[in-house]
Amino acid sequence: MRHRCAYSLSYKIPEITSEVAAAYAQAGRMEEAQTLRKKFEETRSESYTFQDHLPSIMHLCAYEPERERWLKGYRKAGFV
């Protein structure tokens, strides 16, 4: 149930879209991950890219294994 709430919320807040997409990719739910990656690209402003967003996300991950886990999810989802 929680993933449905996050999924629907991600359509309203573009910055959350990449995180939810990465989580879906890590869970092997590639269809949802790709849908959200495309949604991120469609809803972001032209001057804002995922590469702009990535440093702020990585800053929140002080624990290196956790940082690598998120990066792996972003790669699987097609962001990186």
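What follows is a walk through this structure, from the overall fold down to a few side-chain pairs.

A word on ground rules first. This is a predicted model, in which local features need pLDDT of at least 70 and side-chain atom pairs count only at pLDDT 80 or more, while totals for chains, interfaces and linings use all residues. Numbering starts from 1 along each chain as its sequence is written, and side-chain values use heavy atoms, with hydrogens and water left out.

Let's start with the big picture. The protein chain has five helices and zero strands, where helices (H or I, at least four residues) and strands (E, at least two) are DSSP runs numbered from the N terminus. Along the sequence, that reads α-α-α-α-α. Of its 80 residues, 29% count as buried; buried means under 20% relative accessible area, exposed means over 50%, and partly exposed is in between (1.4 Å probe, protein chains only). As for contacts (heavy atoms within 4.5 Å), residues 24 or more positions apart account for 60% of those with a separation of 6 or more. The accessible surface comes to about 5,200 Å², and 56% of that belongs to carbon and sulfur atoms; such areas come from the Shrake-Rupley method with a 1.4 Å probe, and for residues only the protein chains shown count as cover.

Now zoom in on helix α5, which covers residues 64-77. Its 14 residues reach 20 Å from first C-alpha to last, close to the 20 Å expected at 1.5 Å a residue (the expected span is 1.5 Å times one less than the number of residues). Which residues of α5 are buried? They are Leu71, Gly73, Tyr74 and Ala77. Looking down the axis of α5, these buried residues fall within an arc of 160°, so they line one face of the helix; the arc is that of the directions from the helix axis to the C-beta atoms. Just past the end of α5, Gly78 adopts a positive phi of about 95°.

Side chains of opposite charge can pair when their charged atoms come close. A salt bridge here is a side-chain nitrogen of Lys or Arg within 4 Å of a carboxyl oxygen of Asp or Glu, and the count comes to four. One of them joins Glu64 to Arg67, with the closest N and O atoms 2.4 Å apart. Both sit in α5, three residues apart, about one turn of the helix. Glu66 and Arg69 also form a salt bridge, at 2.5 Å from N to O, and they too are three residues apart in α5, so about one helical turn separates them. Glu66 is partly exposed at 30% relative accessibility, and Arg69 is partly exposed at 42%. Elsewhere, Glu41 and Arg44 meet in a salt bridge at 2.9 Å, N to O.

Finally, the aromatics. Rings of Phe, Tyr and Trp (its six-membered ring) pair if their centres lie within 6.5 Å; planes under 30 degrees apart count as stacked, over 60 as edge-to-face and the rest as tilted. The structure holds six such pairs. Among them, Phe40 and Phe79 are edge-to-face, 5.5 Å centre to centre with 85° between the planes. This pair links distant parts of the chain: Phe40 is in helix α3 (residues 30-43), Phe79 in the segment after α5, 39 residues apart. Phe40 is buried at 0% relative accessibility, and Phe79 is buried at 10%. Both belong to one aromatic cluster together with Phe50, Trp70 and Tyr74.
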